[in-house]
Amino acid sequence: MLSNYYPTTYSYYQRGVDDDLYTAKWGMVMEFIDLNDQTLERLEGKHFGIIGFKSDKGVYINHGRVGAVEGASSIRTQLAKLPWHLGNEVKIYDVGDIDGPNCSLAELQDSLAVAVQRMLDLNLFPIVLGGGHETAYGHYKGLQAGLEQEEPIAVINFDAHFDLRPYDQTGPNSGTGFRQIYDDCRARGYEFSYLALGIQEHNTNLFLFDFVAKSADISFLTGQNLYVMGYEKICSYLDEFVQRQQAIHLTIDMDCFSVGSAPGVSAIQSLGIDPNLAVLLLQYLAASDKIVGIDIVETSPPHDIDNHTANLAATLIFYLTRILVQTHDRK
């Protein structure tokens with residue numbers, strides 16, 4: 001039995017039934033799986049599994065604005081409203097949540113890792129809805145265990161922050177996830193391939209830039225770099241990174257966008273990535289056929305305005321899944 005795991009309820013998706021896929025919405029076609037059901041068999045084809053990580057303990061430890069514990073529910077509500085464009089061969093399963101208010105952050109991350117591994121066993125592409133960015137470490141551990149890659153999985157992180165902070169004094173939190181992955185890789189004798197996109201210099205201490213400069217396999221583009229370079233040059237830069245990787249964990253912190261586009265986040269940004277550019281870059285990455293899991297984190301409904309942030313997060317999932325399906329169909 002999976003620990004701290006709860007199958008989903010139907011409340012997010014009660015929008016009626018439509019057998020006509022030309023007019024159907026996500027909430028009408030969503031199906032449900034209990035990961036503890038031992039009679040489940042491995043699925044064939046390209047299918048997605050949505051799991052929520054209902055914790056922002058790491059945000060609290062990191063002195064951010066709490067509220068991301070409600071992020072998964074808010075994103076689900078917005079997803080349910082989107083039009084269905086994936087045909088009748090692709091299925092989206094909501095598999096439930098990892099939730100444990102009385103558990104430690106490490107326990108919840110381990111629970112998420114086991115759940116992600118179970119999803120991979122069923123041939124479900126994981127889409128993890130945070131939660132704070134501590135979500136990413138549990139997700140990564142599950143991908144690494146479930147895929148049994150010979151080399152560590154690379155990470156591409158859309159984020160205003162590196163999240164490479166040391167944790168020897170504070171313990172793990174929302175700002176330490178990729179440092180934990182870095183340390184895990186080094187302990188196994190591997191380099192950690194990590195690309196951060198959208199870093200905001202005015203929110204990043206110099207000691208982190210120093211750490212990155214001394215780490216050969218860590219690279220980044222600031223938000224200003226993305227603005228100046230433009231789509232084609234960024235894609236060329238991405239190609240150099242992606243071609244060296246076997247598999248990539250894609251993680252999106254909603255604070256990579258400016259407060260006008262994403263007001264409901266743990267740490268608002270006065271500057272940020274243009275959502276239109278982000279969608280194009282995400283689709284470009286998805287077309288590489290190397291993305292093995294996606295998480296979207298730091299949506300904080302108590303601070304959102306008219307569900308702008310949750311709707312943007314749902315929109316990113318809409319466009320990513322479409323490209324992932326098209327890429328799979330071309331194989």
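Residues are termed buried under 20% relative accessible area, exposed over 50% and partly exposed in between (1.4 Å probe, protein chains only). The structure is a predicted model, in which local features need pLDDT of at least 70 and side-chain atom pairs count only at pLDDT 80 or more, whereas totals for chains, interfaces and linings use all residues. Residues are numbered from 1 along each chain as its sequence is written, and side-chain values use heavy atoms, with hydrogens and water left out.

Val 66, with a relative accessible area of 40%, is partly exposed and is found in the loop between α2 (57-61) and α3 (71-79); helices (H or I, at least four residues) and strands (E, at least two) are DSSP runs, numbered from the N terminus.

Salt bridges, defined as a side-chain nitrogen of Lys or Arg within 4 Å of a carboxyl oxygen of Asp or Glu, come to a count of 5. In one of them, Glu 31 pairs with Lys 91, the closest N and O atoms being 3.1 Å apart. Because Glu 31 lies in strand β2 (residues 31-32) and Lys 91 in the loop between α3 and β4 (92-99), this pair ties together parts that are 60 residues apart in sequence. Glu 31 is partly exposed at a relative accessible area of 31%, and Lys 91 is partly exposed at 30%.

A salt bridge also joins the side chains of Arg 76 and Asp 97 (2.8 Å, N to O). Arg 76 lies in helix α3 and Asp 97 in strand β4, so the pair ties together parts that are 21 residues apart in sequence. Arg 76 is buried, at 0% relative accessibility, and Asp 97 is likewise buried, with a relative accessible area of 8%.
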